[in-house]
Amino acid sequence: MAAPLAGSQQAFAREFYLTAPPETMPKLKARLMANENPYGISPKAREALVKAVDLSNRYAWMEFGELANRIGEQEGVARKHILFSPGSSDILMAAAAYYTQNGDPSKPRTILTCRPTYDDLLERSEAFGAKIEAVPLTPQYEYDLDAMKARIGPNTKMVYIVNPNNPTGTIVNPQKLEAFVREVAPKVPVFLDEAYIDFLAPAERPNTGKLVAEGLNVIVARTFSKIHAFAGLRLGYGLAQPDTLKALRQYTNNNFGVSITTLMAGIAAYEDREWQTYCRTENAKVRDYTTKALKGMGYEVIPSFANFLLFPIRMKPKTFENQMWANGIGIQTREFGGQPWCRVSIGTQAEMEAFLAEFKKVVG
Ligand SMILES: Cc1ncc(COP(=O)(O)O)c(C=O)c1O
């Protein structure tokens, strides 16, 4: 079975998982293609999930408030600043819909970003008729905030920043990001996709909750899919001004896409700092190991702050990808700057050893 060559998670699912006959799906010994958390959900979240099975006949009501209170306390925002969703994808899609649909439809609409980045919001915006204005990343593969600022114009409907960026794993300097938001948000809404922010130690993260609390027009998207390992359970949230959330709600199920079981598990996971630290520490350790091993084989690896690595390969991407999948290693490839790249998620130590062993065989 040929593996897909896709630019975004949704395209990936569409082209492959949803269309391939199940019997042709490769048996993977390492699932390193979707930046999942290989350690699983926190034991406390598991316990809460099992307990919540007895609530399955109920809609979630005040339980949203319970999680919102905890997030609000941590982020320094009020409950009115929080909107829940089944994963952060729904927040991304709602923003794509709203910012490309509102206002005068005869006027051109542009979403400003840097590329390569996470394409789901951008592809959806394009589907709604918007134009994507993408500034290249810096030579260090970081978002180029100065170049973006210079490109803001009358048609810019939203600025989209992924931090840490996917697929490069790079971050923007927190002070620079905060200064950028303070300058730009009074003119154009700034969307900060922080799916991987929890892989930074708390002290290294930009304080984007504070920017929301200050009243700035910024939308912060967070997910439980990564550090909390809820990719399958589906939980995320957006932080923004109440009137922005009111607008985004028109394009979502207004919290109700989240099941009570997921929500109860989410509350326990959010509280379990020990498990978050464990996942962050293990990820960093295994990421270092994999980076060193690839460098030892003569590959340049972009220093990553997330749970994946991007490095240039010397094979046709499709050929490389198919061979890795056929050997039981799920990865993704990209092509940009005339260069093929491998994006590999950080699995367990054993999974990365399997990845390296098969990688050696495939590249010869
Ligand atoms: C940058 C980024 N944003 C958002 C998402 C959406 O994830 P989810 O819908 O699981 O929260 C992903 C998924 O991999 C991602 O990489």
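Student: What makes the nonpolar surface patch of about 570 Å²?

Tutor: In this predicted model, Tyr59, Trp61, Met62 and Phe256 make that nonpolar surface patch.

Student: Why is methionine 62 called exposed?

Tutor: Its relative accessible area is 61%, and exposed means over 50%. Methionine 62 passes that cut-off, so the word exposed applies. As for its place, methionine 62 is in helix α3.

Student: Nice. And alanine 78: why does it count as partly exposed?

Tutor: Alanine 78 has 31% relative accessibility. Buried would need a value under 20% and exposed one over 50%, so alanine 78 falls in between and is partly exposed.

Student: Where does alanine 78 lie?

Tutor: Look in the loop between α3 (62-75) and β2 (82-85). From there, 32 Å separates the C-alpha atom of alanine 78 from that of aspartate 104, 26 residues apart along the chain.

Student: Let's go inside. Which residues have the most contacts inside the largest nonpolar core?

Tutor: They are Phe84, Leu121, Tyr143, Met148, Tyr160, Ile161 and Phe191, in a core of 73 residues. Helix α4 (residues 89-101) gives the most to this core, namely eight residues.

Student: What is methionine 148 in contact with, leaving aside its neighbours within four places in sequence?

Tutor: Its partners include Leu112, Val135, Tyr143, Tyr160, Ile161 and Phe180. Contact here means heavy atoms within 4.5 Å, so each of those residues has a heavy atom within that distance of methionine 148.

Student: Which residues does the second, separate core include?

Tutor: That core has 32 residues, among them Phe199, Ile313, Cys342 and Phe355.

Key
Residues are numbered from 1 along each chain as its sequence is written. This is a predicted model: local features need pLDDT of at least 70, side-chain atom pairs count only at pLDDT 80 or more; totals for chains, interfaces and linings use all residues. Side-chain values use heavy atoms; hydrogens and water are left out. A nonpolar core is a set of buried Ala, Val, Leu, Ile, Met, Phe, Trp, Tyr and Cys residues joined through side-chain atoms within 4.5 Å. Buried means under 20% relative accessible area, exposed over 50%, partly exposed in between (1.4 Å probe, protein chains only). Helices (H or I, at least four residues) and strands (E, at least two) are DSSP runs, numbered from the N terminus. Patches are made of residues with over 30% relative accessible area and no salt bridge: like charges are joined within 9 Å, nonpolar side chains (Val, Leu, Ile, Met, Phe, Trp, Tyr) within 5 Å. Accessible areas come from the Shrake-Rupley method with a 1.4 Å probe; for residues, only the protein chains shown count as cover. A salt bridge is a side-chain nitrogen of Lys or Arg within 4 Å of a carboxyl oxygen of Asp or Glu.
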